[in-house]
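I am starting a page on a structure that is new to me.

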Amino acid sequence: QVQLVESGGGLVQAGGSLRLSCVASGSIFSMNSMAWYRQAPGKPRELVAVIVSGGTTNYGDFVRGRFTISRDSAKNTAYLQMNSLKSEDTAVYYCNAAIMSTSDVPRRFYWGPGTQVTVSS
């Protein structure tokens, strides 16, 4: 079984920074991509950032250079550095990863339980 666990969320003032971490553990043969999503109350879940195995990254339009996704493949860990935080960034942030548990099992997408980020104005 595969588990994703996020950490690093919390309360921060507008303009501040947070660094989120996501660690994948369990039966991992290969991990194709890792991503961060977020969901604010009453809103749909949206993509924040994604990084694929070759290092290519993509961001939601609202990021506008404020966030950076990175990955330590040796540690099966992804990070999201968030700077210049705004009140509208308040949401639960979820880690998502595309993982093959063994060489003969199709790739599956896994989710972490989420970590709350609250930005006070």
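I took strands as DSSP runs of E with at least two residues, and helices as runs of H or I with at least four, numbered from the N terminus. What I have is a predicted model, in which local features need pLDDT of at least 70 and side-chain atom pairs count only at pLDDT 80 or more, while totals for chains, interfaces and linings use all residues. Residues are numbered from 1 along each chain as its sequence is written, and side-chain values use heavy atoms, with hydrogens and water left out.

I then asked which strands pair with β9, where pairing requires that DSSP finds at least two bridges between two strands. Strand β4 (residues 30-39) pairs with β9 in the antiparallel sense over nine bridges. I found β10 running antiparallel to β9, joined by four bridges, and there Asn 96 has Trp 111 as its bridge partner. Strand β11 (residues 115-120) is also antiparallel to β9, over three bridges, with Gln 116 as the partner of Val 92.

For burial I used relative accessible area, calling a residue buried under 20%, exposed over 50% and partly exposed in between (1.4 Å probe, protein chains only). Eight of the 10 residues of β9 are buried, so the strand is largely enclosed by the rest of the structure.

**The disulfide**

How many disulfides does a search of the whole structure find? It finds one, counting as a disulfide any pair of cysteine sulfur atoms within 2.5 Å. The bond is formed by Cys 22 and Cys 95, with 2.0 Å between their sulfur atoms. It links distant parts of the chain, since Cys 22 is in strand β3 (residues 18-26) and Cys 95 in strand β9, 73 residues apart. I noted a torsion of about -80 degrees about the S-S bond, so this disulfide is left-handed. Cys 22 counts as buried at 0% relative accessibility, and for Cys 95 the value is 0%, also buried.

**Aromatic rings**

I paired rings of Phe, Tyr and Trp (its six-membered ring) if their centres lie within 6.5 Å, with planes under 30 degrees apart counted as stacked, over 60 as edge-to-face and the rest as tilted. By this rule I counted two aromatic pairs. Tyr 94 lies in strand β9 and Trp 111 in strand β10, so the pair ties together parts that are 17 residues apart in sequence. Tyr 94 is buried at 14%, whereas Trp 111 is partly exposed at 39%. Tyr 37, Tyr 94 and Trp 111 form one aromatic cluster.

I also looked for a charge over a ring, which needs NZ of Lys or CZ of Arg within 6 Å of the ring centre and within 35 degrees of the ring normal. The charged end of Arg 45 sits over the ring of Tyr 94, 3.7 Å from its centre, and Arg 45 lies over the face of Trp 111 at 4.6 Å from the ring centre.

**Ser 101**

Where is Ser 101 placed? I found Ser 101 in the loop between β9 (91-100) and β10 (108-111), and at 18% relative accessibility it counts as buried.
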